[in-house]
Amino acid sequence: LVAAGRGSWIAPSSTASYFRYPRVEWLPLEDAAPYELALIWPRHAANPLLHLLLEESRRVTRPAPV
């Protein structure tokens, strides 16, 4: 819907690096309060890739400035 000119989306600023599309322009939303993203999963998740996802997520994220 965004690319079709029929919607908008508030996303983390890092999203602009990963999702480039010629008809989408990323603009900073500077006066909004920061928000947190979280990863959740079932307590007894058996997917072997979960551990890798968590490791990589911890590696690429950093605490937000206070």
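Ala45 sits in the loop between α1 and α2. Helices here are DSSP runs of H or I with at least four residues, strands are E runs of at least two, and both are numbered from the N terminus. At 34% relative accessibility, Ala45 counts as partly exposed. Ala45 and Ser8 are 37 residues apart along the chain, and their C-alpha atoms are separated by 34 Å.

This is a predicted model, in which local features need pLDDT of at least 70 and side-chain atom pairs count only at pLDDT 80 or more, while totals for chains, interfaces and linings use all residues. Residues are numbered from 1 along each chain as its sequence is written, and side-chain values use heavy atoms, with hydrogens and water left out.

**The whole protein**

The protein has 2 helices and 0 strands. Its radius of gyration is 16 Å, well over the 11 Å that the globule rule gives for 66 residues, so the protein is more spread out than a compact globule. That radius is taken over C-alpha atoms, and the rule is 2.2 Å times the number of residues to the power 0.38. Along the principal axes, the C-alpha atoms fill a box of roughly 40 × 30 × 20 Å.

Of the 66 residues, 8% count as buried. The accessible surface comes to about 6900 Å², and 59% of it belongs to carbon and sulfur atoms. Such areas come from the Shrake-Rupley method with a 1.4 Å probe; for residues, only the protein chains shown count as cover.

Thr15 lies in helix α1, which covers residues 15–18. Thr15 counts as buried because its relative accessibility is 9%. Which residues does Thr15 touch, not counting those up to four places away in sequence? They are Trp9 and Trp26. Contact means heavy atoms within 4.5 Å.

Tyr18 is also placed in helix α1. Tyr18 counts as exposed, at 67% relative accessibility. Glu25 lies in the loop between α1 and α2. Glu25 counts as exposed too, at 66% relative accessibility.

| Pair | Apart in sequence | Apart in space |
|---|---|---|
| Thr15 and Thr61 | 46 residues | 13 Å |
| Glu25 and Trp41 | 16 residues | 32 Å |

The protein has 7 positive and 6 negative side chains. Lys and Arg count as positive, Asp and Glu as negative; His and the chain ends are not counted. The centres of the two sets lie 8 Å apart. Each charge is placed at NZ of Lys, CZ of Arg, CG of Asp or CD of Glu.

Side chains of opposite charge can pair when their charged atoms come close. How many salt bridges does a search of the whole structure find? It finds 1. A salt bridge is a side-chain nitrogen of Lys or Arg within 4 Å of a carboxyl oxygen of Asp or Glu. The side chains of Glu56 and Arg59 meet in a salt bridge, at 2.5 Å from N to O. Both residues lie in helix α2, residues 49–60. Glu56 and Arg59 are 3 residues apart, about one turn of the helix. Glu56 is partly exposed, with a relative accessible area of 37%. Arg59 is exposed, with a relative accessible area of 60%.

Methods
Buried means under 20% relative accessible area, exposed over 50%, partly exposed in between (1.4 Å probe, protein chains only).
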